[in-house]
Amino acid sequence: MVKLFRRFQRDRDQGPSSDEAKETEEVREEYQRSVANTRRGQLGGLRRIFSRSQVDEDFWEELEETLILGDVGGATSARWVEEIREESAGKGASEIRGLLRDRMVSGLERPSAGGALWGGHNGAQTTTAPHVVLVVGVNGAGKTTSIAKLAHAYQEEDKSVILAAADTFRAAAIEQLQTWGERLNAPVIAHQQGSDPGAVAYDALEAGISRGADVVLIDTAGRLQTQRNLMAELGKVRRVVETKHPGAPHEVLLVIDATSGQNALSQARQFSQATGVTAVCLAKLDGTSKGGIVFAIAEELGIPVRFAGTGEQLGDIAPFDAEAFVDALLSDD
Ligand SMILES: Nc1nc2c(ncn2[C@@H]2O[C@H](COP(=O)(O)OP(=O)(O)OP(=O)(O)O)[C@@H](O)[C@H]2O)c(=O)[nH]1
Ligand SMILES: [Mg+2]
């Protein structure tokens with residue numbers, strides 16, 4: 001997957017390269033594999049609808065219903081169907097499929113994805129180092145694992161990374177990050193369990209600045225978006241970061257478990273309010289039949305999906321590719 005970051009970056013910097021076709025094919029195959037479960041789920045029903053010969057009232061109803069059941073979201077599904085219906089007067093199912101495909105891709109691309117690793121800064125590390133990523137999300141979403149994968153991706157770009165163990169709440173959370181740190185040969189800044197997460201973030205930034213690190217990735221404790229005190233605590237961590245290193249955090253990455261369905265929308269909304277989420281990392285895309293939630297998040301909240309987690313290994317992360325994702329979802333084979 002690391003080469004996917006390279007391709008993503010290079011396309012932005014220099015335009016398509018000579019071996020682009022082959023690499024694009026690899027990206028597409030990877031997505032085919034990752035969204036296999038999503039295709040087996042509700043959204044897989046789209047293929048059946050588009051194989052129908054008649055575009056009648058039932059067709060439109062079934063289309064809207066399938067989108068809603070596929071977690072695209074009620075408002076987004078209704079709007080899409082209405083728009084496509086207007087555009088497609090007299091057209092057949094396969095043309096409608098093309099219109100939906102374009103609508104899905106443009107919905108995902110509208111909140112500009114930017115350069116994957118550098119948080120939308122046009123593909124380059126333009127900020128004063130270190131580049132700081134605050135990683136937030138509900139319990140078990142995949143935050144710590146995604147941090148390890150991202151650290152690996154930055155290291156592949158020859159960037160130095162410091163990890164901040166600001167999940168001081170869950171038992172063994174610090175050790176979990178330290179284990180990744182050892183594997184990655186990346187320093188982990190940690191305090192005792194139960195200590196103030198803001199203080200850990202502060203120390204990690206101090207270490208990052210004094211050691212000239214390129215990137216500081218801050219792990220935080222999982223919390224439900226409904227737990228007001230814990231959400232407020234996250235706001236405090238953010239403010240510590242802002243104060244210590246003006247311009248930071250450059251990215252507030254909300255890790256969403258792709259299997260969480262519609263609840264992810266409320267997660268995105270509440271975490272955004274508390275911490276100013278700038279992008280989503282969609283973890284566990286490999287294990288879900290509910291990938292449709294990405295459309296609702298992008299359309300209704302305007303938050304870009306920056307990364308997709310596609311497994312438990314270090315290399316199992318990719319810059320989110322809207323076209324490859326949608327085409328994999330709608331493809332016939
Ligand atoms: N299949 C798959 N599993 C994943 C992915 N990302 C994370 N996981 C697994 O999900 C589980 C939880 O991951 P963590 O990274 O510990 O999640 P977390 O959000 O840090 O959890 P807390 O710190 O407890 O809130 C682990 O078993 C991971 O291996 C992914 O992209 N695909
Ligand atoms: Mg964790």
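Helix 8, spanning residues 143-156, gives the most to the shell around ligand 1, putting in three residues. Keep in mind that this is a predicted model. The shell as a whole counts 22 residues, and the closest to ligand 1 are Gly-142, Thr-144, Thr-145, Gly-222 and Gly-309. Sorted by class, that shell has eleven polar residues, seven charged and four nonpolar.

Now for the chain around it. Its 333 residues include 14 helices and eight strands, and 50% of the residues are buried. Take the contacts with a separation of 6 or more: 75% of them join residues 24 or more positions apart.

The strands come together as an open sheet of eight, in the order 3-2-4-1-5-6-7-8 and with mixed pairing. Strand 3 and strand 8 sit at the edges, each pairing on one side only. Strands of a sheet pair through backbone hydrogen bonds, parallel or antiparallel. Here are some of the strands with their residue ranges:

| Strand | Residues |
|---|---|
| Strand 1 | residues 131-136 |
| Strand 2 | residues 161-166 |
| Strand 3 | residues 188-189 |
| Strand 4 | residues 215-220 |
| Strand 5 | residues 251-257 |
| Strand 8 | residues 317-319 |

Strand 1 and strand 5 run parallel, with four bridges joining them. If you want to look at one of these pairings up close, go to Val-136, whose bridge partner in strand 5 is Leu-254.

One helix is worth a look against the sheet. Helix 9, made of residues 173-184, lies across strand 2, strand 3 and strand 4, and runs at about 170° to strand 2.

Note on methods: Residues numbered from 1 in each chain as written. Chains lettered and ligands numbered in written order. Predicted model: local features only at pLDDT ≥ 70, side-chain atom pairs only at ≥ 80, totals over all residues. Near = placed C-beta within 6 Å. Helix = DSSP H or I, 4+ residues; strand = E, 2+ residues; numbered from the N terminus. Nonpolar A, V, L, I, M, F, W, Y, C, P; charged D, E, K, R; others polar. Pairing = 2+ DSSP bridges. Contact = placed C-beta atoms within 7 Å. Axes fitted to C-alpha atoms, helices over the stretch in contact; angles between N-to-C directions. Buried ≥ 20, exposed ≤ 12 C-beta atoms within 10 Å, placed from the backbone.
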